[in-house]
Amino acid sequence: MNIKDVFTPFTTWSKVVKDPVTIKNPIGREAAPRYRGFHKNDIDVCIGCGTCEAICENQAIDLVPVEGIETKSGDSGLRPRIDYGRCCWCALCVDICTTNSLNLTNEYTWVDTDPDAFIFTPGVDKKSWDTKEEGWKKPVPNYHFYGQTRVPMEELHAEERVESFVEFVKGYSKKQAEEEADRCVACGICTATCPAHMGIPDYIAAIRNEDMEEGMRILYDTNPLPEICGRICTHKCEDVCSVGVNGDPLSIRWLKRYIADQIPADVDKYNEILYTKDIKNNNKKVAIIGTGPSSLSSAYYLSLLGYKITMYEKLPQAGGMMRYGIPEYRLPYDAIDKDIDYIVSLGVDIKYNVTVGKDITLEQLHEENDAVFAGTGLHLGRSTRIPGSDHENVYQSVDLLRDIVTGAEVPVERKVVVIGGGNVAMDITRSMARLQKAKYGEVNIITTSLESEDIMPADREEVVEAREEGCTIIPGYGPQEVMIENGKVVGLRVWKCLSIFDENHNFNPKFDESDERVFEGDMVIESIGQGMDLSYLSEDTKKGLEFGPRGRVQTNDNFQTSLPWLFMGGDIIQGPDVIHGIANGHRAAMAIDDFLNQGR
Amino acid sequence: MKEILDRITPKYDLQDVSIKDDLQAYVVVEKKLAIDMVTYMRDYEGFSHFVLMSCVDWIEDNKLQLLYLLNNPEKKCVIGIKVFIDRENPSMQSAHHLWKQIWTYQRELREAFGIDFPGSPRIEENFVLEGWTDKPHMLRDFDTNKYAEETYFPRTGRSTNDPATYMRQKLYPNQPVTAKKNKDDE
Amino acid sequence: MSELDINDKVKEMLEKSAENAGSKNSEKTFVHPEDEEREVIAPDGSIIKVNPIYDYFSGKKPTEEKPSNGVVEKFLNWARSESIWVLGFGTGCGSIEIPPLMTPRFDAFRFGIQMRPTPRQSNAFIISGYLSVKTLKRVIRSYEQMPSPKYVLALGSCTINGGMYYDSYSTINRLDKYLPVDVYIAGCMPRPEALLAGFMKLKELIKEGKGEKANEYARNFDEYKANQKKIIKDWNMPDYNW
Amino acid sequence: MSKIFDFKPDRSKYPAKKADGTLDVDLRSQKYVKLWLGPNHPGVTGNMAVELTLAGDEIVEAKTHVGYLHRGFEKLIERRLYVQGFPTSIRMCVAEPDTNEYLIARSTEVLSGYDKDIPEMAQWLRMLSLEMARLQGLLRGVPGQAGTFSLGIGVQWGVYLRDLILDRFEELTGARVYHMYIIPGGVRGLLPDGFKKRMEENLKEIDNFIIRIRQLMFDNAIFKKRSVGIGVIPKEWVDLYGIVGTNARACGVKRDVRKDNPYLMYEQLDFDPPTATEGDIYARSWVRWQELIQTVDLIRQIMAKMPEKGDIRAKMPNVLHWRIPKGETYNKLESGRGEYGMYYVTDGSDKPRRVNLRGPSYTHAIALLEKMLIGTNIADVHATMVSLQTCPPEIER
Amino acid sequence: MNIYVKLAYTLLGFFLVLNWGLLMSATLRKIVARVAGRHGIPFYQPWIDLLKNIGVRTTLSHGFMFYLGPVFRFTGAVGMFLFMPALFGSDMWSNFSFEGDIVLILYFQLFGMLGMAIGAGEGGHPHSAIGIARGLAQHAAIEIPMTLGIISLAIQYHTLSFTDIVAAQQGGIANWTIFTNPIAGVTLLLAALGAMGHSPFNLVKAPNEIPIGPPTEYHGTYLGVLMSSGVVLHVMEAALFMNLLFGGATNWVEFIIKTFLINFYSVFVGVVFPRFKIEQSVVWFFKVPMALGILAILIYSF
């Protein structure tokens with residue numbers, strides 16, 4: 001034994017003169033700025049997407065309705081309620097929060113005698129830590145639980161695509177589609193916003209699972225025109241996509257197109273995948289006027305139910321505005337044919353070149369069939385009615401677009417001015433650009449709209465693409481006069497538009513007369529909206545119908561007019577939009593089924 | 001690692017040899033050769049450190065996969081010797097004589113997967129559970145969530161809503177979201 | 001009785017017990033052979049019946065022990081609140097925060113909180129998080145050995161609603177089904193500061209005369225016992241562990 | 001003189017052995033006493049129990065009982081997504097939780113093929129957090145050995161200093177004990193401002209503590225008396241019992257995963273794991289004390305060598321739909337207690353098929369402890385357990 | 001002096017010693033806490049603990065013998081107080097000391113231990129039994145050097161009376177036994193370490209081995225009695241060595257200071273040393289202190 005070993009330990013006692021290191025007042029001591037304490041939620045920013053619930057491994061989070069928060073497009077009206085009998089404060093919910101509204105504060109003291117008290121909705125149930133700033137927030141930099149940027153879509157270059165009407169969006173490859181589908185958080189907020197309420201998270205999941213047939217079935221549950229919608233849908237879903245709150249929204253439309261593109265254009269295959277081979281006939285007949293999206297949609301869902309469908313098309317091919325309004329470079333004809341062929345294969349009879357009201361009357365249809373659906377669409381162009389607009393070189397965009405499709409001769413001048421800021425205006429602008437390019441080798445086209453750049457109704461990408469292709473787009477000017485010299489159109493005189501609507505939200509544009517410009521052009525194309533042609537309704541029928549504002553036929557929620565056998569839907573009821581038309585068609589089909597089976 | 005495997009593969013008729021990297025490999029060996037191979041690896045190939053004995057339930061193949069994981073402290077590499085045994089009345093030769101800690105693993109596997117190791121000491125004793133009457137708890141077909149819910153009464157008064165379904169009920173209760181078909185079989 | 005007789009008797013009894021053991025193999029029994037009810041031979045040769053489980057403990061139910069009246073009880077409650085002796089039984093992962101609590105940084109001693117190693121001398125029980133059924137059995141035993149008045153602090157999510165082990169086959173979800181709990185502290189696990197806040201709350205309760213959960217346990221004894229027995233399948237101990 | 005006071009009894013005759021080699025201990029013979037240490041006992045490490053059969057004050061048989069902390073992690077992780085695994089797994093060992101996080105993260109990365117993409121910054125931060133975890137474990141463990149002999153002052157200092165490290169953890173990771181910092185793909189935050197300065201202050205205090213603990217423990221006559229020659233692990237046992245880590249190093253077998261199979265950035269650090277040859281409690285304690293010095297040094301090296309900025313997480317698939325193809329892997333690291341490994345099997349779904357954790361205590365606390373306790377006294381049980389650093393949750397998971 | 005007045009003074013003295021004992025234990029614990037770097041319990045904590053223990057409602061018995069533990073222990077404490085002069089030269093505070101009281105005190109030291117052996121044994125907890133077995137073994141080992149030291153003093157002062165021994169030490173520090181008979185003094189001080197029951201000789205309660213030894217089953221009022229007799233015993237053990245070695249006390253202040261310092265001495269050692277095992281402890285007492293004790297006797301015998 002070493003004697004040193006007996007005395008060295010006593011050095012310990014030197015500590016006795018040092019002050020204790022104890023924390024004076026430990027209760028409520030401030031935790032570190034990054035501490036993962038109790039939850040707080042900015043309920044105004046939160047959209048109730050439920051990703052926090054999905055990632056919580058303890059099932060600690062419930063989504064509950066909250067008073068004062070309304071369910072609306074892009075906001076489920078639900079807010080996370082957290083059970084502190086489950087939570088483990090891992091903060092995965094914060095890290096994945098799509099809106100960054102959910103955070104943890106560095107407060108950590110909660111003592112209670114009641115075990116049922118530890119359940120609360122952050123931000124709604126007021127807590128002492130709601131005002132605390134410090135606490136766990138989503139880490140930076142480059143820390144993401146899902147992809148923030150969209151997988152870029154491969155497109156033809158502007159120079160290339162303006163050469164022809166070939167579809168320029170190439171579509172996703174398998175790898176790209178899966179990568180894009182992987183970004184989805186499967187919240188389902190988009191479903192409500194989609195007019196057809198498609199099962200978007202489900203078909204995106206089908207892409208991840210590489211199960212295209214399942215994806216196809218999900219698509220056809222609500223939308224019988226996936227090829228078409230996958231290209232030209234106005235994708236309202238993407239506007240509310242929760243991934244898009246911080247980052248790029250998911251390209252839902254391209255993913256839909258990806259699924260539809262994977263299935264070969266073979267109606268037998270379609271029938272096999274969608275289990276529609278042996279639909280039983282129920283011996284009832286329905287006539288459908290028009291072959292646009294709403295008509296096709298109602299035809300599809302009615303024939304699934306066993307109805308015998310006859311469709312009447314004025315033009316030589318089916319598709320309505322989709323074929324005759326939308327240029328081929330956006331929606332190639334084989335895509336339209338693919339969707340329509342399948343619907344036809346279910347036993348739908350389409351009678352082409354038959355104009356109802358002229359070749360056959362509505363009453364006849366009523367007699368021959370149990371019910372009639374009319375989805376006749378908006379095929380009449382509206383005029384600006386400015387001086388000179390009645391000149392023969394002033395055209396309507398709908399007419400020109402239809403002519404391009406039917407192959408009729410389309411007048412193409414060296415300089416073209418287009419009036420309008422909607423998608424149709426962009427379509428005609430870009431179609432004319434292609435025609436100019438083909439005829440003259442150069443593009444010289446000016447598009448002007450009343451609306452300024454930021455409120456232009458056209459899709460942003462359309463505008464950008466049009467500019468890339470060499471079109472000049474000058475928004476914010478109101479046309480005043482088509483200038484005519486020597487009986488020839490030479491240009492369009494415009495004024496700067498200051499505001500479009502007055503205080504009462506009525507259309508009443510105000511102009512700045514000092515800012516006047518003249519757009520030179522040999523022809524002017526008006527594209528400021530379309531009107532409907534209801535000439536097929538006889539006077540008797542019209543008497544039985546109720547009309548609402550702006551000449552629209554009044555229908556109930558199920559698109560049934562006041563003549564019970566007559567249903568109307570699509571653009572003539574809801575305004576121009578493909579996906580709305582499809583939704584109308586589906587709803588009307590179900591209503592027709594209900595109507596016809598009431599006696600059963 | 002490769003050369004060791006080359007040496008032993010013909011000897012033990014190994015199937016499904018997978019080399020993960022230079023330091024890790026997994027081999028599948030027949031049940032009756034397994035303990036012999038483990039002994040051989042210990043005595044002649046320098047795998048003197050026994051790391052782990054584990055079991056994986058491949059319920060879809062109706063097999064249990066036993067794993068003997070050995071470490072070679074000299075070459076610093078790991079070999080996993082896998083044996084597939086039947087899922088019904090699983091049984092395996094005991095290896096408790098090779099290393100002193102193996103009987104613990106065998107006792108655990110007996111409790112967790114119901115595998116019998118005849119001759120292993122204290123094999124029938126409880127390991128982690130006490131008074132367990134259900135099926136072995138690590139088998140895939142034992143549903144722990146169901147068991148917990150039935151046994152331990154979770155606190156009531158909680159309910160949740162799926163955003164998509166909730167929005168549908170709120171915003172468009174009448175819009176059809178599935179395609180109805182007039183068919184017999186659906 | 002001669003020695004020979006005794007030997008014979010022992011032999012006979014051993015055979016009998018072996019038979020019993022054989023027959024019981026078929027159905028799962030949890031009573032340890034040493035604890036089985038049996039006959040033993042005393043050194044003087046007489047035969048004694050023993051039932052170890054009930055011989056060592058009385059199976060009597062607990063009784064309510066009413067607080068005395070008025071000022072005396074108030075004074076005692078003050079003393080109780082300022083001298084909380086915690087049973088040193090780390091039942092779950094929350095016990096890792098007990099050492100910091102009792103050491104220089106947080107120094108709970110200055111608030112009258114001390115650790116005791118035996119349940120007989122403790123009056124507070126910290127259930128530090130999840131409880132596996134195996135531990136619950138010991139916890140119940142320890143709790144019942146604590147003299148009244150006694151208090152239970154439940155730490156963390158696990159004691160409230162199962163916490164992150166809500167789906168585990170081995171851990172309970174709600175502590176209040178099995179033991180009366182005075183104070184719950186949220187967290188996973190609660191920091192020492194929160195734990196101290198919990199103790200302060202407990203002190204407040206005791207001073208207000210609300211720390212009477214031991215009597216609640218006695219009152220609802222049958223209900224608690226039924227819940228406990230539902231999950232502790234191998235109940236090889238008396239109903240009440242005094 | 002010492003022969004006179006040698007109380008070593010002759011155990012060759014009794015307890016007798018049965019035919020199958022087990023002990024013939026008849027409790028009714030009144031020669032033996034059965035004593036349970038634990039689970040409610042301040043002298044066991046964690047919530048476990050040792051069932052002792054005593055002849056007088058001497059242990060003739062010991063059985064370890066575990067399962068009091070069993071939560072069925074391996075079953076629960078099979079029910080959780082890959083990203084949800086780490087908050088669950090971290091609770092498998094409360095003494096040094098970060099090791100579990102790392103293993104889960106590493107296993108998923110290896111199996112999904114992202115292990116090469118982990119940013120360098122994240123790797124340094126992972127290493128820092130692992131070394132800090134080792135440090136806080138040692139701060140409890142080294143004086144804890146003296147604590148088993150009722151020399152509690154060192155424990156008090158150690159736990160205080162551990163708390164300072166926990167404060168640094170809190171700053172870095174957002175939590176005191178369950179850090180949940182290492183996530184599949186990277187880590188969950190950069191160093192906060194001024195972290196290195198505050199860390200250095202703490203390390204200085206720990207330097208001081210290291211000297212004091214040497215004076216208190218290793219230069220202490222009675223500590224030596226209690227620990228030298230007690231609980232000896234012969235070198236031959238290392239492979240026979242699967243002994244790893246400091247316990248193996250204390251009997252002269254130099255095994256350290258950080259050196260043998262370097263992971264993270266350990267190759268860039270300059271260190272040599274300490275060893276001893278005696279294999280007794282004192283030697284294990286001494287090795288751990290030297291490891292404490294080394295860990296402080298390693299943390300200093302890491303803080304000096306790590307980059308200032310960088311990405312903290314690789315670009316990974318969406319965590320909600322992350323799938324990993326079928327595969328299996330065994331990953332290990334050197335925890336404060338020794339080689340800590342995880343066998344991870346995936347089957348192509350979004351949840352693991354099997355996760356098996358191999359903690360060093362699995363052998364240390366059962367096979368080895370039961371063997372070592374035989375022939376010792378009740379007073380040595382706690383000391384032996386602590387010197388082996390047994391940690392029940394990693395046995396039963 | 002009237003026996004009743006004397007009894008009253010003795011009771012008052014016991015009350016004083018009890019309170020001083022409680023305060024002292026708190027103070028010593030606070031000092032130890034300070035070495036650890038913390039504040040420790042408040043000064044008044046022992047009183048509250050005592051009250052709390054009395055306020056415990058459940059009282060449970062393991063049989064008649066179970067009661068004897070605290071009773072014997074308390075009797076031991078009272079006995080030690082009763083037959084040891086607290087203050088030298090004071091009629092009121094010299095209690096019932098008489099010629100040969102040292103022998104009785106030595107017996108009373110063991111008395112409490114024996115009572116605990118009975119009571120703890122009846123309690124049935126193995127920790128109690130192991131603890132008490134250790135306690136008795138160690139006490140036997142302590143008694144040998146202590147008795148040897150006392151015999152040396154008896155030879156030196158030719159008396160077995162406290163009063164006489166203290167009287168012989170009056171008149172300055174140089175007259176204290178520790179200086180007049182250093183070898184016996186050291187022997188007794190080493191034995192004191194054992195008698196005080198702090199580390200390295202705290203085998204009886206031995207936290208983290210057999211927590212907490214004999215009193216494992218005692219609770220509530222029993223524990224209160226054990227606690228109070230424990231603190232009285234600590235003071236009186238110190239008073240024993242104070243009287244034997246450090247010249248006794250002539251007033252309460254001196255009593256308090258000296259008993260505190262003697263107690264502090266054992267804590268001073270206890271804080272920095274771990275605990276012996278029982279055989280180490282016994283062997284240790286058989287080695288150095290016993291040799292010194294024999295030496296002390298031999299010096300005065302020849």
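Predicted model: local features only at pLDDT ≥ 70, side-chain atom pairs only at ≥ 80, totals over all residues.

Me: Into which domains is chain A divided?

Reply: Chain A is divided into domain 1 (39-131), domain 2 (158-371) and domain 3 (380-531).

Me: How many residues of domain 2 of chain A are in contact with domain 3 of chain A?

Reply: In domain 2 of chain A, 11 residues are in contact with 16 residues of domain 3 of chain A. On the domain 2 side, the elements giving two or more residues are α4 (158-161) and α14 (321-324) of chain A. By residue type, that side of domain 2 divides into six nonpolar, two polar and three charged residues. The centres of these two domains, taken over C-alpha atoms, are separated by 30 Å.

Me: How is an interface between chains to be described, and how many residues do chain A and chain D bring to their contact?

Reply: The size of an interface is often given as the accessible area lost when the parts come together. Here the description is by residues: chain A brings 36 and chain D brings 29. On the side of chain A, α1 (4-7), α2 (51-55) and α3 (92-96) each supply at least two residues. The largest share, three residues, comes from α1(A). The residues of this side of chain A comprise 23 nonpolar, five polar and eight charged.

Me: For a sheet, one reads the strand order and then the direction of pairing. Which order do the five strands of the open sheet in chain A follow, and is the pairing parallel or antiparallel?

Reply: The order is β12-β19-β13-β14-β15 in chain A, and the pairing is parallel. The edge strands, β12 (394-396) and β15 (472-475) of chain A, each pair on one side only. From one strand to the next, the twist averages 20°. Within the sheet, β13 (residues 416-419) and β14 (residues 445-449) of chain A are joined by four bridges. A:Val417 has A:Ile446 as its bridge partner in β14(A). Helix α17 (residues 397-406) of chain A lies across β12 and β19 of chain A, at about 70° to β12(A).

Me: Where does A:Ile528 lie, and why does A:Ile528 count as buried?

Reply: A:Ile528 lies in the loop between β19 (523-526) and β20 (530-531) of chain A. A:Ile528 counts as buried because it has 20 C-beta neighbours inside 10 Å, and the cut-off for a buried residue is 20 or more. Leaving aside neighbours within four places in sequence, A:Ile528 is in contact with A:Arg382, A:Thr384, A:Ile419 and A:Gly420. A:Ala425 is 103 residues from A:Ile528 along the chain, yet their C-alpha atoms are separated by 7.5 Å.

Technical notes
Residues numbered from 1 in each chain as written. Chains lettered and ligands numbered in written order. Domains from an automatic or database assignment. Contact = placed C-beta atoms within 7 Å. Nonpolar A, V, L, I, M, F, W, Y, C, P; charged D, E, K, R; others polar. Buried ≥ 20, exposed ≤ 12 C-beta atoms within 10 Å, placed from the backbone. Pairing = 2+ DSSP bridges. Axes fitted to C-alpha atoms, helices over the stretch in contact; angles between N-to-C directions.
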